[in-house]
Amino acid sequence: MSVLRFVASAAAALLSAGSSTGTELRDLHFGETLYHAYQAHYFEALERLDAEIGQHYAVDEPELDALQHHIDHAEFSVGDFELHYRMHHRAGRAIKAVLEGDVDEPVRNEAAFRLARIHFQKDQPEAALHALDRIRGRIPEKLRDEIEFLRANVYLALDRPADAVDVLRRLQGSQPLAGFAAYNLGIALLRNGDELDAIEQLDRAGRTDAPDDATEAIRDKSNLVLGTLLFESSEFDSAQSSLDRVRLDGPFSNQALLRAGWANVSSQDFERALVPWSLLAARAPTNAAVQEALIALPYAYSQLDVHGRAAVLYGHAVETFGQELGKVDASMRSIRDGEFLTALVREEIRQNTDWVIRLRDLPEAPETLYLIDLMASHDFQTALQNYLDLEDLRKKLVAWQSSLAAFEDLIRVRRDYYEPRLPEIDDQFRRIDARIRLRMQQRESIAMRLENMLIAPRPELLATSDEQHAGLRIEQLEEALASSESPVADGLRARLRRLRGVLRFGLEMRYHERLTRTHEHLRDLTADIEQLDARYDAFVRTRQAASHSYVGYEDSIAGLRTRVGEALERLQTLMARQGHLLETVALEELEVRRDRLEAYQNQARFALADSYDRAAKAQAAQAR
Amino acid sequence: MRSLDEQVQEIKSDVLGIAAELTRLEEKLLYPSNTQVAVFLSLSPEEVLELDSLRIEIDGEPVAHHIYSFKELDALRKGGVQRVYTGNVPSGDHHLSVSVAGKLRSGSDFQSTESFGFRKDVEPRVLGLTLAENAGAASIELGHR
């Protein structure tokens with residue numbers, strides 16, 4: 001049975017952001033930006049976070065704002081999100097702002113690290129080192145190794161391998177960097193000219209325990225580089241054993257199989273070369289290593305004097321290269337027709353994180369078949385991501401144009417509804433308002449008189465209407481008898497004095513009781529007036545809201561429409577240029593692949609003829 | 001001359017600015033503060049239950065229904081907070097009903113509905129729901145702001 005609990009709390013909903021944010025989340029709007037960022041929706045995350053931080057600094061007392069609890073994290077997140085959204089300029093500015101702000105030492109050091117990482121990613125190693133040099137004092141524990149790892153990479157980029165070696169040696173015990181620090185140390189030693197140490201180090205890196213895919217991949221890379229090094233040093237057996245450690249299903253498998261075959265050939269072991277090359281030749285023929293294996297495999301057979309088998313395999317290679325040339329030509333035609341860019345922005349592919357790989361599986365997308373290698377390059381990826389970002393922005397801008405039209409419709413409907421009604425309502429309100437003001441003044445006057453009566457009692461002011469009437473009548477009778485001096489008149493005056501005395505006695509006797517009751521009535525009146533005030537305020541707010549629902553939007557909508565239109569125009573120009581750049585790079589890559597395929601095909605044709613000759617000669621010799 | 005990449009960054013910045021202004025306009029036009037109510041959802045820390053769907057009613061009217069994708073659930077688990085609904089209600093007392101369905105840590109299905117009262121004043125109303133699994137059952141807490 002489920003239990004649902006209701007906690008009535010006046011405070012903000014207290015949420016914990018779990019391990020990702022590290023602290024208890026106190027601001028729902030900041031949590032919302034994280035929700036978008038965790039789904040890689042960085043545009044939405046940035047849009048909300050910019051607004052949230054802007055509001056935070058605009059309030060009179062930011063320290064009372066819920067975001068105050070996360071402000072450092074939020075400032076960092078802006079830079080992070082911008083970095084993920086490939087807005088390096090703004091990311092750099094955001095992080096510099098943190099760096100130059102009044103923040104604690106660990107926060108400043110983290111900002112310096114992030115700034116250094118941006119510079120490094122932007123291929124600015126001097127600036128990266130400068131940012132790293134600003135790190136001093138207390139460093140967040142979680143970043144200690146990462147900072148040093150980045151420093152080593154920066155040294156390598158600055159061609160200071162000896163410094164990189166020093167740093168990387170200290171990182172060899174770091175668990176999260178295991179594999180990466182080991183591999184980079186091997187490369188740093190190699191770049192420093194310590195080839196023997198480099199081989200030893202890469203051997204260690206190639207035997208690292210790999211708890212995840214990334215570490216497995218770097219271990220494979222270590223073994224591939226080591227195998228290549230040993231191969232170039234003519235240590236073919238050792239090269240072979242390093243290459244054998246590369247996983248058959250990893251990203252470096254094709255290269256490793258190819259080189260393993262060549263290592264065997266170099267040690268004159270053609271039979272052994274057949275194993276990796278046969279495996280490789282059976283793989284997807286779009287890969288460059290597989291294509292090389294298609295002619296390398298029959299070459300090994302020919303060296304073993306199995307010319308018949310070699311001829312068959314060369315024949316297969318010629319045929320395969322022909323088919324592949326056909327695919328490359330189709331790809332080039334398709335790209336020239338603009339199909340490449342259309343394929344790249346297909347929504348169903350981009351839903352998945354490995355969408356680049358999946359492009360190849362699209363049966364109707366020949367334009368992407370040969371571009372997987374190209375897509376793995378950093379520059380192409382940046383250009384491609386920019387193109388995709390522009391496409392997303394284009395869709396947003398087009399949708400916003402419709403939204404603006406809808407807003408204008410909404411405003412028109414509201415205006416048509418309110419404009420005929422509001423004058424009559426305002427008129428009625430003015431009349432009611434005048435009555436309310438009059439009654440308020442009366443209440444104020446009564447309150448003041450009652451206040452004065454506390455200092456100077458005035459019983460006659462609390463007389464009932466009968467008593468007032470009786471008092472008036474006595475006064476009139478006294479005035480009527482004023483001029484008469486008859487004994488009867490004297491008697492009547494005495495009776496009137498008695499009556500006035502009785503009236504006054506009654507007023508005096510009931511004065512306190514009446515004063516109390518009048519105060520009670522005034523309190524009741526005050527409560528009624530407070531209620532009236534609330535209704536009055538509610539009406540005024542509703543009346544204002546009615547006007548605000550359709551008045552004053554023209555300028556901002558017109559301004560937005562212009563900005564959206566201008567942005568769309570600029571964006572389309574940029575998309576065309578970015579798209580053209582992608583197409584050009586893709587076509588250049590395909591040209592290279594085409595030339596290579598043609599060269600392989602020619603090579604295979606000659607070898608095919610040669611194999612047939614040799615097979616025929618061998619057959620003739622056998623027949624003799 | 002600025003590089004293509006720099007121009008792309010610049011236009012991203014411009015479009016973000018437009019988005020912010022559009023959001024302000026939308027809020028002013030569609031959800032004025034005196035009637036605005038927003039409902040947010042989060043999972044309690046370290047929560048592993050699988051949320052399949054959520055349905056929200058205000059004063060008996062269904063206002064939001066959401067079916068969760070893997071990415072959305074993952075974002076909630078990492079500490080993200082989902083804005084489930086933004087709408088309008090008049091000032092005064094109101095009634096919020098929340099229905100959730102999914103799987104508990106044990107793998108068994110759960111389905112729960114709970115109702116809460118809340119008051120809307122002049123300021124925008126923000127309601128935060130937190131979903132958690134407690135003692136083998138799903139629980140929802142509602143915080144106010």
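Tutor: Start with the residues in contact between H22(A) and H24(A). From H22(A) come Tyr418(A), Leu422(A), Ile436(A), Met440(A), Arg443(A), Ile446(A), Ala447(A), Leu450(A) and Met453(A). H24(A) answers with Leu515(A), Thr518(A), His519(A), Leu522(A), Leu525(A), Ile529(A), Leu532(A), Tyr536(A) and Ala546(A). Contact means that the C-beta atoms of two residues, placed from the backbone, lie within 7 Å. By class, this contact has 15 nonpolar residues, 2 polar and 1 charged. Nonpolar covers Ala, Val, Leu, Ile, Met, Phe, Trp, Tyr, Cys and Pro; charged covers Asp, Glu, Lys and Arg; the others, Gly among them, are polar.

All of this rests on a predicted model, where local features need pLDDT of at least 70, side-chain atom pairs count only at pLDDT 80 or more, and totals for chains, interfaces and linings use all residues. Residues are numbered from 1 along each chain as its sequence is written, while chains are lettered from A and ligands numbered from 1 in the order in which they are written.

Now the geometry. Two packed helices are described by the angle between their axes and the distance between the axes. H22 spans residues 378–455 of chain A and H24 spans 487–548. Their axes come within 10 Å and cross at roughly 155°. Axes are lines fitted to C-alpha atoms, for helices over the stretch in contact, and angles run from 0 to 180 degrees between N-to-C directions. H22(A) and H24(A) are therefore roughly antiparallel. The cut-offs are under 35 degrees for roughly parallel, over 145 for roughly antiparallel and 65 to 115 for roughly perpendicular, with the rest oblique. The crossing of H22(A) and H24(A) is left-handed. Left-handed means the near helix is turned anticlockwise from the far one by less than a right angle; clockwise makes it right-handed. Helices (H or I, at least four residues) and strands (E, at least two) are DSSP runs, numbered from the N terminus.

Chain A holds another such pair. H17 (307–336) and H25 (554–623) of chain A pack at about 160°, with axes 8 Å apart. H17(A) and H25(A) are therefore roughly antiparallel too. Their crossing is left-handed. The contact has 21 nonpolar, 7 polar and 7 charged residues.

Next, the partner chain. Here 56 residues of chain B touch 61 of chain A. H1(B) gives the most on the chain B side, with 19 residues. That side divides into 25 nonpolar, 18 polar and 13 charged residues.

H1(B) also packs against a helix of chain A. H3 of chain A (42–58) and H1(B) meet at about 65°, with axes 10 Å apart. H3(A) and H1(B) are therefore roughly perpendicular. Their crossing is right-handed. H3(A) supplies Leu46(A), Glu47(A), Asp50(A) and Ala51(A); H1(B) supplies Leu16(B), Ala19(B), Ala20(B) and Thr23(B). That gives 5 nonpolar, 1 polar and 2 charged residues.

Chain B has two assigned domains, 1–30 and 33–144. Domain bounds come from an automatic or database domain assignment. The centres of domain 1 and domain 2 of chain B, taken over C-alpha atoms, are 31 Å apart.

Chain B also carries a sheet. It is open, with 4 strands in the order S3-S2-S5-S6 and antiparallel pairing. Strands pair if DSSP finds at least two bridges between them. S3 (61–67) and S6 of chain B are the edges, each pairing on one side only. Neighbouring strands are turned by 15° on average, direction ignored. S2 (50–58) and S5 (92–103) of chain B share 8 bridges. Ile58(B) has Leu96(B) of S5(B) as its bridge partner. S5(B) and S6(B) are joined by 12 bridges, and Ser97(B) stands opposite Ser115(B) in S6(B). The hairpin of S5(B) and S6(B) has 5 residues between the strands, and Gly107(B) takes a positive phi near 100° there.
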